[in-house]
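Subject: Structure handover and notes

Dear colleague,

Here is the structure I promised to pass on to you. Please open it alongside this message, as the notes below refer to individual residues.

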Amino acid sequence: MPPIIPKPFEPVGAGKSGFTISVVDAKHGQHIRIGISQVAQKNHFGGTLDPEKDTLKLLMSSDQGKNHILTLELAEIGDPQAFTLATSIKDSVSIKLQPWGPLAKGKRPAMEMVVIGGKSPNTVHLKLPEYARPEVKKIGQGQPLMG
């Protein structure tokens, strides 16, 4: 009978991506917080992000089949579409955003987002939780009925 050789535990799956999303309900209003751990910064952006030098663009779509994807893209300081980063504990960084759609009142604790693709060291594609997905645009929505 061959010997059994134990191996150290290595977390797998969605629980350890290093990218989190939460909803904060404060006196000044509700906002969404995206957190990026130091490990996720190194793995997906080639090193630790510096709030003095780095910013991120966030891209989403309301198209059917694409509304579950949040893309984070490294951007230049001064880019009007980019968000500034705030430092957090253990060299993580975060971004505060206004909700992009209606959210239920109350807070939601931080939850990990699954990495579903991207091109290191510039972009990463994340899977948004159900509550944070933009509403899917219906066919013809926003267009005149008779043209």
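This is a predicted model: local features need pLDDT of at least 70, side-chain atom pairs count only at pLDDT 80 or more; totals for chains, interfaces and linings use all residues.

The secondary structure of the protein comes to one helix and 10 strands, and from the N terminus the elements follow the order β-β-α-β-β-β-β-β-β-β-β. Of the 147 residues in the protein, 31% are buried, while the exposed surface comes to about 10200 Å², with carbon and sulfur atoms supplying 56% of that area. Among the contacts with a separation of 6 or more, 64% are between residues 24 or more positions apart.

Sheet and helix

Five strands make up an open sheet with antiparallel pairing, in the order β5-β3-β4-β10-β9, and its edges are β5 (82-83) and β9, each of which pairs on one side only. Helix α1 packs on this sheet, where it touches β3 (55-59), β4 (69-75), β9 and β10, and its direction makes about 125 degrees with that of β10.

Within α1 (residues 38-45), the buried residues are A40, Q41, H44 and F45; seen down the helix axis they fall within an arc of 105 degrees, so they line one face of the helix. The face turned away from that buried side carries V39 and N43, which are exposed. Just after α1, G46 adopts a positive phi of about 80 degrees.

In soluble globular proteins, nonpolar side chains tend to be buried together. In this model the largest nonpolar core has 24 residues, and the members that touch the most others are F19 and L72. The elements that contribute two or more residues to this core are β1 (19-26), β2 (29-36), α1, β3, β4, β7 (93-97) and β10.

Strands β9 (residues 114-117) and β10 (residues 123-127) pair in the antiparallel sense over three bridges. V114 has K127 as its bridge partner in β10, and G117 has H125. The two strands form a hairpin with five residues between them, and G118 in the turn has a positive phi of about 130 degrees. The loop between β9 and β10 also holds P121, which is joined to S120 by a cis peptide bond with omega at about 5 degrees.

K90 counts as exposed, at 76% relative accessibility, whereas D91 is partly exposed, with a relative accessible area of 48%.

With best regards

Methods: Residues are numbered from 1 along each chain as its sequence is written. Side-chain values use heavy atoms; hydrogens and water are left out. Two strands pair if DSSP finds at least two bridges between them. Helices (H or I, at least four residues) and strands (E, at least two) are DSSP runs, numbered from the N terminus. Buried means under 20% relative accessible area, exposed over 50%, partly exposed in between (1.4 Å probe, protein chains only). The arc is that of the directions from the helix axis to the C-beta atoms. Contact means heavy atoms within 4.5 Å. Axes are lines fitted to C-alpha atoms, for helices over the stretch in contact, and angles run from 0 to 180 degrees between N-to-C directions. A nonpolar core is a set of buried Ala, Val, Leu, Ile, Met, Phe, Trp, Tyr and Cys residues joined through side-chain atoms within 4.5 Å. Accessible areas come from the Shrake-Rupley method with a 1.4 Å probe; for residues, only the protein chains shown count as cover.
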